[in-house]
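Please have the sequence and the 3D view side by side, and let us walk through the fold together. We will go from strand to strand, and then visit a few single residues.

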Amino acid sequence: MNVGIVGLGLIGGSMAKSTKARTSHTVWGIDLDHETMTLARMSGAIDGPLTDGNLGDCDLLFVAICPAAAIAWVKENAEKIAKKTILVDLCGVKRVVVDALAPVAEAYGFSYIGGHPMAGKERGGFTSSSDSLFAGASMILTPDKRTDMQLLETLNAYFLDIGFAALTFSDPEEHDRIIAFTSQLAHITSSAYVKSPEAQRRRGFSAGSFQDMTRVARLDEEMWTELFLDDSDFLIRELDILIQNLQAYSDALKSGDAQRVKALLKEGRERKATAGGN
């Protein structure tokens, strides 16, 4: 197959590297950064640039850039996308992107499905991308009434080939509701946590728990601001719940209520056990 990738950062770059390392597919890529394009070509992550001339030859087309940019790129290039092409956006939010792109795909006759790979690192960019980033990960897809079984079979085979463990199906609403808790809230919490003055005086006092809490504070503020605002309704709800829960711990400590502190900690431990997983 011919695979086109728009955006060769952490996700798009890893998609390109995984495809070249694990399959015999041809990969064409495009990125606004000239150095990234040079590195992608020199490392063998792409066979060549994605151009107006070969865009129509793509069997799979992945858009791995921020939501607003992804929407704009597809709208600008929709007439060049072939009807045989399966377009998948890899944005971290789904409602705003799917609502914008599904009508475009229907109008121009190509297939489209929203996607979100459940993999990442605290540092972005092509230099952080890897052909093993998706190993064992889940790929979320948001099929709709226009999605046929053949499309899903094609994507299932492709994603398993490049290392994903399984596909997870959702709708844009459910995706954005859950991701507000599992991803976005964690990034905000990490960013807020590391702002304590003690973070600058921690040398010799930090271990695994500090590293776990602060890892994702190394975020790309441009990208995450857009994702947070696109999902602000669900994210605000989760943030308010977290603040309420933290206040309960603060109140118990201020009153010296050992039984209340113990009960809160026990509840958290039991919730974690019930939730399971990592």
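Asp89 stands opposite Gly114 in β6. The names follow DSSP runs numbered from the N terminus, with helices being H or I runs of at least four residues and strands being E runs of at least two. Together with helix α4 (residues 95-108), β5 and β6 form a right-handed β-α-β unit. Right-handed here has a set meaning: with the strands pointing away from the viewer, the path from the first strand over the helix to the second runs clockwise.

A word on the model itself: it is predicted, so local features need pLDDT of at least 70 and side-chain atom pairs count only at pLDDT 80 or more, while totals for chains, interfaces and linings use all residues. Residues are numbered from 1 along each chain as its sequence is written, and side-chain values use heavy atoms, with hydrogens and water left out.

Stay with β6 for a moment. How many of its seven residues are buried? Six of them are, so β6 is mostly covered; buried means under 20% relative accessible area, exposed means over 50%, and partly exposed is in between, using a 1.4 Å probe and protein chains only. On its way to β7, the pairing of β6 is antiparallel, again with four bridges. Gly115 has Leu141 as its bridge partner in β7.

Now follow Leu141 across β7. Its bridge partner in β8 is Phe169, and Ser138 stands opposite Ala166 in β8. Four bridges join β7 to β8, and these two strands run parallel. To get from β7 to β8, the chain passes through helix α5 (residues 149-161), and this β-α-β crossover is right-handed. Is β7 enclosed or open to the outside? Four of its five residues are buried, so β7 is largely enclosed by the rest of the structure.

Step back, and these strands take their places in an open sheet of eight strands with mixed pairing, in the order β3-β2-β1-β4-β5-β6-β7-β8. The edge strands are β3 (48-49) and β8 (166-169), each of which pairs on one side only. Elsewhere in the sheet, strand β1 (residues 2-6) runs parallel to strand β4 (residues 60-63), and four bridges join them. One place to look is Val3, whose bridge partner in β4 is Leu60.

Next, some loops. Between β6 (111-117) and β7 (138-142) sits Ser128. Ser128 has a relative accessible area of 14%, which means that it counts as buried. Leaving out residues up to four places away in sequence, Ser128 touches Leu10, Lys121 and Arg123, where contact means heavy atoms within 4.5 Å.

Lys121 turns up again in the contacts of Arg215, which also include Glu122 and Ser190 once neighbours within four places in sequence are set aside. Arg215 lies in the loop between α7 (208-214) and α8 (221-230). With a relative accessible area of 39%, Arg215 is partly exposed.

For a contrast, look at Lys145, in the loop between β7 and α5. Is Lys145 buried or exposed? Its relative accessibility is 80%, so Lys145 counts as exposed. From Lys145 to Thr189 there are 44 residues in sequence and 37 Å in space, C-alpha to C-alpha.

Finally, the whole chain. It has ten helices and eight strands, and its C-alpha atoms fill a box of roughly 70 × 40 × 30 Å, taken along the principal axes. Of its 278 residues, 41% count as buried. Among contacts between residues at least 6 apart in sequence, 74% join residues at least 24 apart. The accessible surface, from the Shrake-Rupley method with a 1.4 Å probe and, for residues, only the protein chains shown as cover, comes to about 14900 Å², of which 53% belongs to carbon and sulfur atoms.

Notes: Two strands pair if DSSP finds at least two bridges between them.
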